[in-house]
Amino acid sequence: MNRADIAEENFKSGLNCAQSVLMAFAGDFGAEPGTARRIARGFGSGMGTGDTCGAVSGGVMAISLHVSDEGDASLAKKRTYELVREFKKRFSKETGSLVCRNLLGYDINNHEIMKSIPADKLPKSVCGQYVRIAAGILDDMLK
């Protein structure tokens, strides 16, 4: 299985979008799975508010783990930011947005709207594709 498959399976198993992407990479970068899962918990569903897509947030966390901070911390920060910019650029180009509510086409905070969304348009049904895209981009970038 590649990282995109792993991330999508993570999502299908019940992890949120941020957890799913981060968990597909965290072990390779020395993060203990339970800690990584807890750290990413609050970033799903656009940090629970429909803001930055959780798959993007999980990707940024994976990039941060990937870049070693041994040695020059300022160089590590610079390299991390370069990778984050590239990741976000590629994700946005492929999906059209970095924002959860834009990707979904509705505001998850509007309870009246949420009641009327068909099951196949709910985050559990559509966000797996964004998780897959984010993990695929990262897999390509972090080889």
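The residues that line the largest pocket comprise 15 nonpolar, five polar and one charged. Keep in mind as you click around that this is a predicted model.

**Stop 1: the pocket**

To centre your view, select Phe 11, Ser 45, Pro 123, Lys 124 and Cys 127, which lie nearest the centre of the largest pocket among its 21 lining residues. The space inside the largest pocket comes to about 300 Å³. Now colour by helix: H4 (44-50), H5, H7 (100-104) and H9 (123-141) are the elements that each give two or more residues to this lining. Which helix provides the largest share of the lining? That is H9, with five residues.

**Stop 2: H5 against H6**

From the pocket, follow H5, one of the lining elements, to its partner. Select residues 54-66 for H5 and 73-95 for H6; their axes come within 10 Å and cross at roughly 150°. Angles over 145 degrees count as roughly antiparallel, so H5 is roughly antiparallel to H6. The crossing of these two helices, H5 and H6, is right-handed. To see the contact, show side chains on the H5 side for Ala 55, Val 56, Gly 59, Val 60, Ile 63, Ser 64 and His 66, and on the H6 side for Thr 80, Leu 83, Val 84, Phe 87, Lys 88 and Phe 91. Sorted by class, the H5–H6 contact holds eight nonpolar, four polar and one charged residues.

**Stop 3: H6 against H9**

Keep H6 selected and bring back H9. The H6 and H9 axes come within 10 Å and cross at roughly 135°. H6 and H9 are therefore oblique to each other, and their crossing is right-handed. On H6, pick out Leu 83, Glu 86, Phe 87, Arg 90, Phe 91, Glu 94 and Thr 95; they meet Tyr 130, Ile 133, Ala 134, Ile 137, Leu 138, Asp 140 and Met 141 of H9. What is the class make-up of the contact of H6 with H9? Nine residues there are nonpolar, one is polar and four are charged.

**Stop 4: H2 against H3**

For the last stop, select residues 17-25 (H2) and 33-40 (H3). The axes of H2 and H3 come within 8 Å, crossing at roughly 150°. H2 and H3 are therefore roughly antiparallel to each other, and H2 passes H3 in a right-handed crossing. Six residues in the contact of H2 with H3 are nonpolar, with one polar and one charged.

Conventions
Residues are numbered from 1 along each chain as its sequence is written. This is a predicted model: local features need pLDDT of at least 70, side-chain atom pairs count only at pLDDT 80 or more; totals for chains, interfaces and linings use all residues. Side-chain values use heavy atoms; hydrogens and water are left out. Axes are lines fitted to C-alpha atoms, for helices over the stretch in contact, and angles run from 0 to 180 degrees between N-to-C directions. Helices (H or I, at least four residues) and strands (E, at least two) are DSSP runs, numbered from the N terminus. Angles under 35 degrees count as roughly parallel, over 145 as roughly antiparallel, 65 to 115 as roughly perpendicular and the rest as oblique. A crossing is left-handed if the near helix is turned anticlockwise from the far one by less than a right angle, and right-handed if clockwise. Contact means heavy atoms within 4.5 Å. Ala, Val, Leu, Ile, Met, Phe, Trp, Tyr, Cys and Pro count as nonpolar, Asp, Glu, Lys and Arg as charged, and the others, Gly among them, as polar. On a 1 Å grid over the protein atoms alone, a cavity is a set of points where a 1.4 Å probe fits but cannot get out, and a pocket is an open set with protein on both sides within 12 Å along at least five of seven lines; lining residues have an atom within 4 Å of a point. Grid points are joined across faces, edges and corners, and a volume is the space filled by probe spheres set on the points.
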